[in-house]
Amino acid sequence: MKKRGGLASYILGRIAAFVMTLFAVSLLIFFLERLSGVDPVAVVLGGKRANEETIALLRERFGLDLPLWQQYLRWVAGMLRGDFGLDFNYQQPVWSLILPRLGITLPLILMASLITVAVSVPVGVVCAVKQGKAADTALSALCLAGVSCPGFFVSMLAIAVISRIAPSVRFTGSFSGFSGMMERLLLPAVCIALGMIALGARVIRSKMITELDSDYVLFARAGGISERKVVFSKALKSCIIPYSSVMSIQIGSLLVGAVTVEEVFSLQGLGSLLIDSIQGSNYPVTQAITMITVFFFLLLTTAVDIIIAAVDPRVRKGEASYE
Amino acid sequence: MNKKSASAFFTPAVAISCIILAAVTIISLFAPLIAPYDPTATDLSATMLYPSREHLFGTDQTGRDIFSRMLFGGRTTILGAFAIVLFSMAVGIPAGLISGYFGGFADKLLMRITDVVISFPTLLLAFIFVGIFGRGLHNSVLAIGIVYIPMTARLTRSLTLSEKNKGYVEALKTSGCPTRKILFLQILPNCIPTLSSQLTLDIGYAIIDLASMSFIGLGVKLPECDWGAMLEESRNLIFTRPLSALAPGIAIAVTVISINILSDGVQRYIDPTRRKLKRSVLRFG
């Protein structure tokens with residue numbers, strides 16, 4: 001049944017790797033945090049004085065009286081039930097801190113991703129088809145600038161320019177209703193998307209140029225298929241695989257990667273909660289966000305890898321890779 | 001490099017990038033000699049000055065000379081980025097060579113470790129490191145360097161894999177050349193062209209990553225300053241003094257664009273598949 005190179009065994013292998021990596025990451029993050037030497041009880045107390053009994057009570061409440069390996073097991077068992085424990089600052093469930101942040105960061109990522117796909121594919125195709133012409137030169141130069149500018153600089157530039165052209169635009173509106181939210185998130189999403197558009201278009205361009213030069217395209221042209229069909233239904237198909245591979249990494253990184261842009265637009269996203277928790281030694285929150293981010297990243301990249309393997313048998317036999 | 005290939009490499013864009021990068025490197029090396037003022041000296045009688053002959057870029061809210069701060073900030077950013085890439089090379093290249101050449105357990109171990117490090121998206125792992133071991137330029141450089149090691153190691157490993165079965169390695173082995181010499185004096189030099197293109201690119205990424213860390217407050221700490229921290233400090237000037245506020249960002253962008261153009265040039269020069277493109281244009285008219 002299961003022959004080497006079969007899709008089922010490839011999927012099983014990837015899922016096993018997914019679980020093992022998550023396990024390794026959980027070990028690494030848990031024990032790394034304990035290296036800092038900051039006493040969690042001091043963080044919980046936040047500078048307040050406390051007597052022995054309170055401290056003992058707090059230790060029990062957060063499970064700090066247990067040996068380290070038991071604390072780790074408790075944490076992992078909790079996560080498997082979807083429980084990240086209590087945070088050190090407010091003594092609230094970590095989920096209640098994270099959920100509102102996800103409500104901002106997830107729509108932001110979604111918008112940025114949609115904009116990216118909608119723009120980068122056409123730009124890449126135009127560049128490849130008009131290779132060496134003025135349109136390609138101009139767009140390629142823009143893409144080069146796009147991959148070189150950090151998101152926070154693009155955001156500040158956008159604010160500076162837009163506030164000059166249209167002084168009535170507000171950058172820090174309320175989140176009232178769906179339209180208010182869109183208004184607030186659109187510009188940050190565009191600023192995040194610009195870098196990804198540039199990168200995606202470059203991937204499509206370089207792959208498309210190779211494809212348009214290949215024998216099967218030559219034969220398709222010789223067979224009288226229209227150039228439009230050659231580009232969109234033949235060559236573009238092969239570009240989608242490396243494109244989705246690169247994009248899954250980019251989009252998967254945004255959960256925390258969007259933090260610099262969120263910072264410029266004063267958006268209270270997941271990234272800023274992470275930074276606060278790191279600066280305040282609030283381990284449960286840092287650990288939870290790390291696990292969620294890594295989970296999201298691995299889920300996206302693994303899913304895309306499996307889809308690619310399903311489409312292209314060479315990948316699962318290890319004969320080709322798109323990294 | 002003979003005459004003809006040199007002209008193929010130095011397109012106008014690559015030449016301009018090289019000049020910009022040379023200038024940026026010289027300025028960051030000699031910032032203490034060039035800067036007219038102490039970048040940390042405040043002067044409350046001269047705050048928020050507009051650009052003038054005394055203060056080329058004007059002064060900030062506490063009267064510090066923005067031009068001098070740009071020079072010293074560039075020094076931190078550029079030298080920091082170099083240090084990040086050098087650190088990742090110092091660990092990643094030997095690790096990649098050994099794991100690619102010997103295979104077996106060391107290879108499996110390296111691949112699993114890199115798998116784990118790579119599964120932390122972008123700078124997450126660097127954030128956590130800085131959170132544990134403290135802020136400051138040295139720790140940020142180390143933290144980002146650690147994040148960069150896996151990619152350098154993997155690239156070196158895959159290059160080593162394709163080199164080690166070639167005839168010259170077999171010949172050296174049979175003639176009794178010590179493995180250490182084969183690895184570092186024979187295989188490594190053949191990996192350098194591809195590595196150099198990637199590492200040039202990495203310096204650009206390192207500049208952006210270091211600036212990002214400082215921008216969100218996990219990078220350099222006072223009185224150190226780099227372009228990222230300067231950009232963060234000047235955020236509230238964006239409406240009143242946009243040019244002074246954006247100057248560090250423009251400097252980052254120009255430097256990284258130049259690095260990317262140079263890296264593209266290096267890649268075009270060493271990668272034969274890219275050179276074939278010209279022929280294809282001819283073929284289809």
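**View 1. Helix H4 (residues 66-102) of chain B packs with helix H9 (179-215) of chain B at an angle of about 145°, their axes lying 8 Å apart.** The axes are lines fitted to C-alpha atoms over the stretch in contact, and angles run from 0 to 180 degrees between N-to-C directions. This is a predicted model, in which local features need pLDDT of at least 70 and side-chain atom pairs count only at pLDDT 80 or more, while totals for chains, interfaces and linings use all residues. Residues are numbered from 1 along each chain as its sequence is written, with chains lettered from A in the order in which they are written.

**View 2. Residues of H4(B) meet residues of H9(B).** Among those in H4(B) are Gly80(B), Phe82(B) and Met89(B), and the residues met in H9(B) include Leu183(B), Asp202(B) and Ala211(B); two residues are in contact if their C-beta atoms, placed from the backbone, lie within 7 Å. The residues of this contact divide into 16 nonpolar, two polar and one charged, where Ala, Val, Leu, Ile, Met, Phe, Trp, Tyr, Cys and Pro count as nonpolar, Asp, Glu, Lys and Arg as charged, and the others, Gly among them, as polar.

**View 3. Chain B touches chain A through 35 residues, which are in contact with 42 residues of chain A.** Helices H5 (104-118), H6 (124-133), H9 (179-215), H11 (242-270) and H13 (277-283) of chain B each supply at least two residues of this side, helices being DSSP runs (H or I, at least four residues) numbered from the N terminus. H11(B) gives the most, with nine residues, and by class the side of chain B that touches chain A has 24 nonpolar, nine polar and two charged residues.
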